[in-house]
Amino acid sequence: MKEQTLLLKNADLIATMDDQARELTGYSVLVRGNTIAGLYPEGEIPEPVDEIIDLSGHVLIPGLINTHHHMFQTLTRALPAAQDAELFDWLSALFPVWQHITPAMQRAATRTACAELMLSGCTTAADHAYLYVNGVAVEDSLQAASEMGIRFHHVRGAISLGASQGGLPPDNVVEQDEDAILRDMQRAIERHNDPGPDAMVRIALGPSSPFTVSTDLMREAAALARAHGAGLHTHTAENQKDLDFSQARYGMTPTQYTETVGWVGPDVWHAHCVHLDQPGIELFARTGTGVAHCPCSNMRLASGIAPIRAMLDAGVAVGIGVDGSASNDSGNLLAETRQAMLSARVRHQQPGAMSAREALRLATRGGAEVLGRADRLGRIQAGYCADMVAFRMDELALAGAQSDLLAALVFCTPSRVAWSMINGRQVIRGGQLLTQSLPDIIHQHNEQARALVDGP
């Protein structure tokens, strides 16, 4: 059967994010099936096409890649008890609420989180789901993400170290049988992980953090993931209490701990790393270990500002993550990209600490590198997956910003993407979500959120 072809033409600018960082005008993009077939000067298309999309007045960029999220947390945004707390107190306020999450709530939250990400320009998302209570299963997240049409990395997380064993979570929200956790992790990989280059679903393993799981689970999850070619993801060095816990319990820094349990390498990425020290930065650079930078959450919880400039200069792979929407309260990946730029400038008190283009690279190519997808994602280039988004340049937010169209996307942050394609499928057109009814998503989500917060 002949693959469908589509031509994207007349874009004011195409930011390729290729090795030459080309920014093209007067070019068209040919899509064949789910793949970018080539970029051609206008009028030089080598074959007839089935459909033409006119992107006059738009900037076309690779789809943004979200490297860290907790989608269930969209159910508890701006919860009063957690508004003014640092990480450990924030978690302590929310665990008693989250213990009542149901499968229906998990699905509703995932649909909401995916919709918000997609409308902000995201085409690939990693969701670190670590709560498995009341029958919640991996399949709840996968079903909802599939309905939305997003490329999805599901991190089968876990919390097993309850308060009675010296961990932070209350015992009633943890999975105490670590053998059962490992069995379900293996089941998730064997049933759902697609190792193919165009995979719409990947499974990674994610014991949540050194203060929520045992050392045995960290080591055994790493061995399990590597036996099956799956990725590994966790939280590391997020705030000062995180560092203090690691020193008190393990007698070492969080990054020293990650090395002792086998959590370094190109198949591993760590969220936050706000307090990654210089030896830790050098370790991650040397081993190809990735970092998910979550600036809004880090600032919201007063954790600090991660040393991203030092990481990049050392050669660490860094992507952007919105983190859970109970510690960020927004899932807008383009806005998170802007915050990454601004927070780097504040940390170093230098405007040159990060440019708009560097920030956008983190959100595209950087994310692909962190998730182990750099061979097919993160660029508009022949042979890459057809994951692309376009922004209208006549929006109010961009009025007066026509002198540098690409930088304007980061500095001015338009409210919504105009057009989006994921794996060759159009999922947003005219700023409207095509895969599901957005009013229905919001209505169902608010019903489930009220039920959760009000309690059983």
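In this predicted model, helix H1 spans residues 87-98, and its twelve residues carry the chain 15 Å from the first C-alpha to the last, close to the 16 Å expected at 1.5 Å a residue. Buried positions in H1 are Leu-87, Phe-88, Trp-90, Leu-91, Leu-94, Phe-95, Val-97 and Trp-98. Viewed down the helix axis, these buried residues fall within an arc of 170 degrees, so they line one face of H1. The elements that cover them include helix H6 (240-250), helix H9 (295-300) and helix H14 (438-454). Where H1 starts, a side-chain oxygen of Glu-86 comes to within 3.0 Å of the backbone nitrogen of Phe-88.

According to the UniProt record, an unreviewed entry, residues 59-427 are annotated as "domain: Amidohydrolase-related". In the model this span is 40% helix and 17% strand, and its end C-alpha atoms lie 17 Å apart.

Turning to the cysteines, the structure holds zero disulfides, a disulfide being counted here when two cysteine sulfur atoms lie within 2.5 Å. For Cys-114, the closest cysteine sulfur is that of Cys-122, and at 8.1 Å it is too far away for a bond. Cys-294 is likewise in no disulfide, with the sulfur of Cys-273 as its nearest cysteine sulfur. The two cysteines are set out below.

Technical notes: Residues are numbered from 1 along each chain as its sequence is written. This is a predicted model: local features need pLDDT of at least 70, side-chain atom pairs count only at pLDDT 80 or more; totals for chains, interfaces and linings use all residues. Side-chain values use heavy atoms; hydrogens and water are left out. Helices (H or I, at least four residues) and strands (E, at least two) are DSSP runs, numbered from the N terminus. The expected span of a helix is 1.5 Å times one less than its number of residues. Buried means under 20% relative accessible area, exposed over 50%, partly exposed in between (1.4 Å probe, protein chains only). The arc is that of the directions from the helix axis to the C-beta atoms. Contact means heavy atoms within 4.5 Å. A polar contact is a pair of N or O atoms within 3.5 Å; within protein, one must be able to donate a hydrogen and the other to accept it, and residues adjacent in sequence count only if both atoms are side-chain atoms. UniProt positions are given in the numbering used here, feature names are shortened, and annotations may be inferred rather than shown by experiment.
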